[in-house]
Amino acid sequence: MGAYLVRRFGLMLLTLFGISIIIFMLLRLTPGNIADILFDAGGFVDPADKARIEADLGLDKPIPVQYANWIGGLLKGDLGMSYQTERPAIQEIAPRIPITARLAVLALSFSVLFGVPLGVISAVNQNSKLDYVLRVLSLSGLSMPAFWLGLLILMGFVAYFGTIPIYSSEPTGFWNAILMYSVPAAAVGFRSSALLMRLTRSSMLEVMRQDYIRTARSKGASETKINYYHALKNAMLPVVTVIGIEAAFLLGGLIVTETVFNIPGVARFLVEAIRWRDYPMVQNLVMFIAIVVVTINFIIDMMYAALDPRIKYGD
Amino acid sequence: MSTLDYNAELAAAGANVKNRWGAIRFFMRRYPLGTIGAVIMGVFAFAALFAPMITYYDPLSTNAVFSLAKPSAAHWLGCDFMGRDVYSRIVYGARISLEVSIGSMLLGSGIGVTVGLLSGYLLGWFDLITQRILEMMQSLPLLVMALIMAAALGPSLHNTIVAIAIPLVPYVARVIRSNTLSLREQPFVEAAKAIGMSETRIAIRHILPNTMSPLIVLATAQLGSAILTEATLSFLGLGVPEPHPSWGRMLSESAAEYVRTAPWLVIFPGLAISLVVFGTNLLGDALRDLLDPRQRS
């Protein structure tokens, strides 16, 4: 286990290193840099001014040097300056993280709370009317774009309450805060619960065909005990690994949902930074997302080994 | 799984495989939901192909008089801020949506199949490096990957296709690779080698055709996610640019204002996206069930 852990950790670092190169190279493909954009608005371009700004921002240095500067700073915890606001990037990013984290945790709990039980019910009653209804529901959840679902929810609010829930950094009271976060979280969580439901269902169906289920049945265990004790316990293993996929899926949903609900989280900030072509910000935000996703997958791998006694790593 | 004889499988399930219509009737009977999906996709393909014949207005022509006009007999689904007919824009939007999704699916699958086949057939260092790179690409969420690609390439119809296709590559490549790995150990490959067939010929003539069924399932699913990704990119203003009537663009950020004042501008384009993606998902599920017997009970 120890040797595997070390190797897996090394692989994780290698992956992150590779991602950092991919991100860096991709953003250098862009025609024009921030200096061009700044001057686009101005109309007249004084080459000397432009060169000075490029030197200020380090854009005149060779690409490997720019990359080394970025990674070096990253390792020291220095994320560089935002081109747009001229403040340290960390000051822009840090206050937005808890907002997105709260939304993500709420959305994830929502999706687990609905997705797993409904997936089990669907699998246990395979090919019944109930199974059909649940499958169609989950498929339609996956078919709706996250932003449209958000807009429909806003529309519902307008129709019933005459107003839309507005985000504020200082909510008035506990219930207000809950409402403020849970409505967008439900919009993201609905789609994720649809995904989780499908995965739980197929995982359950897979397990229900195993020999040990047949053994349990032949020794006279009740259907309830077979389904909810023998099958569910084993079906949960692949579902746990899927939470890693869920995390990535959730992030995509958060990007648009934060935009629709006008919530100043990290996910929406990525879109804004892309629009301003604020390289340091985009690089750091995407790197941050990659670190989160890769770390979650690492933890899940470890959990998987801990949960399944059959899996022994490192021999 | 890929070496199974599907015709025999189908015949055993009661389908008349000699006759194409028999096979279709069998599919319709066995997968009513999949058939609905195919019909929905058919309707959208029809709308995209015959857009000028089933609309009365130019999707691009503006008319200040009809700014934010409510749905009426003249404008079935109302008009947008610039007085453009929403129904015509949705019908023409099907063109954009299908063009981008089919384009990116073909491009992504094309690269994915090539990479997966090479990787699974050559193995060695090539396989090792490609696998690591694909893993890296997959550890970024699909939308984030597409976002930076779109941002790096700049907004245009063709760039949007590329921006959506590249993030799809690893998903195809990994499935094709694992299939190739099991196929290359099959007796018929050994037989082909024994009669002196070249490696390239074996890969193209024997391995590739046998990876078709997982590819079909994957491609259908990707069609849906490509449509969703295009809509999302365009919604965020990073996808298909004006004046193309893209469904996502029609719902762009100002839509949050229209929620109050002009709900028809929000409901209909979103309904179009959801319906066509729903269609691809229904059909994809049925195809997966048909072509992947392990999932069947």
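The legends below describe close-up views of a predicted model.

**View 1. The side of chain B that touches chain A.** In this predicted model, 40 residues of chain B are in contact with 40 residues of chain A. On the chain B side, at least two residues each are supplied by helix 5 (124-138), helix 6 (142-153), helix 10 (212-235), helix 12 (255-261) and helix 13 (264-291). Helix 6 of chain B gives the most to this side, with nine residues. Sorted by class, the side of chain B that touches chain A has 28 nonpolar, eight polar and four charged residues.

**View 2. Helix 10 and helix 13 of chain B.** The axes of helix 10 of chain B and helix 13 of chain B come within 9 Å and cross at roughly 165°. Because angles over 145 degrees count as roughly antiparallel, helix 10 of chain B is roughly antiparallel to helix 13 of chain B. The crossing in which helix 10 of chain B passes helix 13 of chain B is left-handed. Among the residues that meet here are I216(B), V217(B), T220(B) and G224(B) from helix 10 of chain B, and V276(B), T280(B), G284(B) and R288(B) from helix 13 of chain B. The residues of this contact of helix 10 with helix 13 of chain B divide into 13 nonpolar, six polar and one charged.

**View 3. A146(B) and the largest nonpolar core.** The largest nonpolar core of the model has 159 residues, and those with the most contacts inside it are L270(A), A146(B) and I148(B). When residues up to four places away in sequence are not counted, A146(B) touches A163(B), I164(B), P167(B), T229(B) and L233(B). As general background, nonpolar side chains tend to be buried together in soluble globular proteins.

**View 4. N127(A), a loop residue with a positive phi.** Most residues other than glycine have a negative phi. The phi of N127(A), however, is near 65°, a positive value in a residue other than glycine. N127(A) lies in the loop between helix 6 (97-124) and helix 7 (129-143) of chain A. With 10 other C-beta atoms within 10 Å, N127(A) is exposed, because 12 or fewer such atoms count as exposed.

**View 5. L123(B), a loop residue of chain B with a positive phi.** L123(B) lies in the loop between helix 4 (86-122) and helix 5 of chain B, and its phi is near 55°, a positive value in a residue other than glycine. L123(B) has 14 other C-beta atoms within 10 Å and is therefore partly exposed.

Notes
Residues numbered from 1 in each chain as written. Chains lettered and ligands numbered in written order. Predicted model: local features only at pLDDT ≥ 70, side-chain atom pairs only at ≥ 80, totals over all residues. Contact = placed C-beta atoms within 7 Å. Helix = DSSP H or I, 4+ residues; strand = E, 2+ residues; numbered from the N terminus. Nonpolar A, V, L, I, M, F, W, Y, C, P; charged D, E, K, R; others polar. Buried ≥ 20, exposed ≤ 12 C-beta atoms within 10 Å, placed from the backbone. Axes fitted to C-alpha atoms, helices over the stretch in contact; angles between N-to-C directions. Parallel < 35°, antiparallel > 145°, perpendicular 65-115°, else oblique. Left-handed = near helix turned anticlockwise from the far one by under 90°. Core = buried A, V, L, I, M, F, W, Y, C linked by C-beta atoms within 7 Å.
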